[in-house]
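Subject: Structure handover and notes

Dear colleague,

I am passing on the structure we spoke about, and my notes follow directly after it. Please read them with the model open beside you.

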Amino acid sequence: MIHDETESETRADRIDPVLRAAGWGVVEGSRVRREVICPGRILSGNRRGKSLSCDYVLIYRGHKLATIEAKRAGLSHREGVGQTKDYAMRLNARFAYATNGLNWYQIDRATGHEGDMATAFPTPDELWEKVYPLHNNWRDRFGAVEFETDGGKWDPRYYQHRAITAVLDAIAENKRRILLTLATGTGKTSIAFQIAWKLFQSKWNLSREPVRRPRILFLADRNILADQAYNSFSGFDTDALTRINPAAIAKNKGRVPKNASVFFTIFQTFMTGDSEPLYKQYPPDFFDFIIIDECHRGGAKDESEWRAILEYFEPAAQLGLTATPKRKHNADTYAYFGEPVYTYALKEGIEDGFLTPFKVRQMASTIDEYIYDGSDELLSGEVEEGERFSEGDFNTRIIIEDRELSRVKEFMSQVDQRQKAIVFCATQDHAALIRDLINQVKTSTNPDYCHRVTANDGAIGEAHLRAFQDNDKTIPTILTTSQKLSTGVDARNVRHIVLMRPVKSMIEFKQIIGRGTRTFEDKAFFTIWDFVKAHENFQDPEWDGEPLEPVVPGPRGPRMPGEPEPEEPFDGGDGGDDAGPTEKIVIKLADGKDRHIRFIATTTYWGPDGHPMTAAQFLQRLFGDLSGMIPDEDALRAAWSNPDRREQFLEQLSDRGYDHDKLDDMRRLIDARDSDLFDVLAYILFTHAPVTRQQRARTTETLGLKAVDGELKNLLVSILRAYVTNGEGELGTKKLGNYLIARYGSVAEGKARLGDLTAIKAAYVGLQETLYSI
């Protein structure tokens, strides 16, 4: 009977044969695969939000042409229309199909036409001709080259596949200025490698005839970025890769290396030279393809002297990589490269589960501003009585070490000091001060606990950074910096970003946030500690979303001669780095004043649209969602009293954006730290005054365990003790087995001591029904 048929049977017996008959998976170059599109937003407790998987993705010549959503034969074939449209949109597949194996529904996303499909399912060539009616030999050649998967270890995420395909399609169409905008932590270097790999293997070059392999240049503005890229291109033979750096040039008696296929260097190296810049040792048409990492900072800038490099190699196809899609601050970059061929935003990465969510702790204090009144000791510099200093002045014009120490103590007292952190400071001197203060107040006994990594720290700083990036190492635990670490730091286990200098550039703000977004095991979120009101950037409409229309820049002025730009470029934030020779004002607070510095910390919450909410707005939204789920107090009690139903209820809340950490914040917000989450929800919904877990446990032990005695009563009392100490998480369904093992050595021994397991479970559930009946 059709209605007894499972979806697996429908797929195997009805859908798979149709696809095979059409040649899918049979014709060379065609593939049929089930694709996990995204794993779902990262939640607390090693959990994920809803993942997305497409039943069938039809791939031909490296392009995803169609999605298919399958339902069992007993359901309507239109049941999966919404899902398959969503999948096709995400994967950028033109066609979407829904089927129950008996009937097929087709959607053409390009024309908007949709309806039941009367003809046989299209073959790979038929679908290809519909998507690409104009023949392009290079598109075919690129598609014939498989990704370099490192023996199956790497599989492109859906957005990475889209980015790679978009760039290769642009190259196939002979476009020579190409831009990709992808959020930090989404694998831009891996994308660049796969593009280079396909160009190399297909023998694409500027002649557009496959007679030789291309020469590819990876260009960055920091050695760490060039080194990371060099290491990421390990799929190439070693003799195909070369670093253009001072050591290699000196070894070659001042000549640049030319005998390779993929070259890596930084702008600064290319700009050096005795009589002329080194890059001019190459003919203008030497490189076929140039990748410019963090292109908004580099040669695409109109005012940058590095722009001359890109203009010199004008014949090459040039790909710009950036994490900053906003054009208000980098209009010249967008004017140079044109519209991005693909954009993947920070908000998308977090919602998909490829990037880690974050919290923002806003740290206001009584010394965020300072007025000199003559009572404090002036150690150096000149200051007038009544002169006022704001955040942007500290550590650039005025230094008050007591103020910095108070911030360090406040931060260090609230974090798990074993977790990795990066502290962004106003200047390199400020970063040294904060490093020293952290090492003075830390609980660790390791002298390498905190180090400074700035331009002035050179090779030693690079060594500390490499150790910090090693996820198997815990030392150093904290790095302080000024601007150097705002980009290019691939450290996956960063749990804290501490802002101790203003960040007024949206570009730099996004880059700094990106230092914490990389995923890591057991990393449910990271925290931004904001001492400088940088959270106001989240209110900016440019915080996330689609790019704005570019502002066409005016004519570019002449480049100023001079030294290459430093290894620590700055993207337009507040103040320069040790910018001037003016003597700084140094103040020592009067005796006792430092003890009167007070901090007020608040947490920002995030809605499903990716924008911040105040605590009051968050509570209001939570109340509205809870009211739709829980009609009355009895329903809440019923949902909470049984451990299985409670877990289901918490999963529903989590899917709506209220994970355990956010609910725990609500516990603190209503001053119910020692109460059960049940009391938090009852307070929000019905304004019931919360009772403590200890009160609930005491009443339950006194009144609810009268009918229980012996060893079973001892077990239940010990469970109540654990509940009082650690909260309602101790009452989960799976916890009972843990209690039996911990107390008796094994579940079997627990049964021998207590009796039938069903009776033990009944007593465990009954305990909770009594606990929440109070």
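This is a predicted model, and its pLDDT averages 82 over the protein, with 87% of the residues scoring at least 70.

As for the overall build, the protein has 26 helices and 28 strands, and of its 774 residues 54% count as buried. Among the contacts with a separation of 6 or more, 72% are between residues 24 or more positions apart.

Aromatic rings

The structure holds 42 aromatic pairs. One of these joins Tyr158 and Tyr159, whose rings are 5.9 Å apart from centre to centre with 85° between the planes, an edge-to-face arrangement, and both of these tyrosines are buried. Tyr159 also pairs with Phe354, and because the planes of these two rings stand at 65°, with the centres 5.4 Å apart, this pair is edge-to-face as well. Tyr159 belongs to helix H5 (residues 158–172), whereas Phe354 sits in the loop between helix H12 (346–352) and strand E16 (358–365), so the pair ties together parts that are 195 residues apart in sequence. Phe354, like Tyr159, is buried.

Elsewhere, ring pairs link Phe193, Trp197, Phe200, Phe218, Tyr230, Phe233, Phe236 and Phe264 into a cluster. Two arginines also lie over ring faces: Arg61 over that of Trp128, at 5.0 Å from the ring centre, and Arg403 over that of Phe394, at 3.5 Å from the ring centre.

What length should we expect of helix H13, and what does the model give? The helix runs over residues 401–414, and at 1.5 Å a residue its 14 residues should span 20 Å; the C-alpha atoms at its ends are 20 Å apart, which agrees.

In helix H7 (residues 223–232), the buried residues include Ile224, Leu225, Ala226 and Ala229. An α-helix has 3.6 residues a turn, so residues three or four places apart point the same way. The cover over the buried residues of H7 includes helix H6 (188–202), strand E10 (216–220), strand E11 (241–243), strand E12 (262–266) and helix H15 (458–469).

Two single residues

Thr67 lies in strand E5 (residues 63–70), and because its relative accessibility is 0%, Thr67 counts as buried. The side chain of Thr67 makes a polar contact of 2.9 Å with the side chain of Thr84. Leaving aside residues up to four places away in sequence, Thr67 touches Cys54, Tyr56, Thr84, Tyr87, Ala88, Leu91, Ala93, Phe95, Ala96 and Tyr97.

Phe686, in helix H21 (residues 677–686), counts as partly exposed, because its relative accessibility is 22% and the cut-off for buried is under 20%. The residues touched by Phe686, again not counting those up to four places away in sequence, are Ile630, Asp632, Glu633 and Leu636. The C-alpha atoms of Phe686 and Asp632 are separated by 8.5 Å, while the two residues are 54 residues apart along the chain.

Backbone points to check

Arg208 has a positive phi, near 60°, in a residue other than glycine; Arg208 is found in the loop between H6 and E10 and is partly exposed, with a relative accessible area of 23%. Lys253 likewise has a positive phi, near 55°, and is a residue other than glycine. Lys253 lies in the loop between helix H8 (246–251) and E12, and with a relative accessibility of 77% Lys253 counts as exposed.

Technical notes
Residues numbered from 1 in each chain as written. Predicted model: local features only at pLDDT ≥ 70, side-chain atom pairs only at ≥ 80, totals over all residues. Heavy atoms only, no water. Helix = DSSP H or I, 4+ residues; strand = E, 2+ residues; numbered from the N terminus. Buried < 20%, exposed > 50% of the residue type's maximum accessible area, 1.4 Å probe, protein only. Polar contact = N/O pair within 3.5 Å; in protein donor to acceptor, adjacent residues only side chain to side chain. Contact = heavy atoms within 4.5 Å. Expected span 1.5 Å × (residues − 1). Phe/Tyr/Trp six-rings, centres within 6.5 Å; stacked < 30°, edge-to-face > 60°. Lys NZ or Arg CZ within 6 Å of the ring centre and 35° of its normal. pLDDT = per-residue confidence, 0-100.
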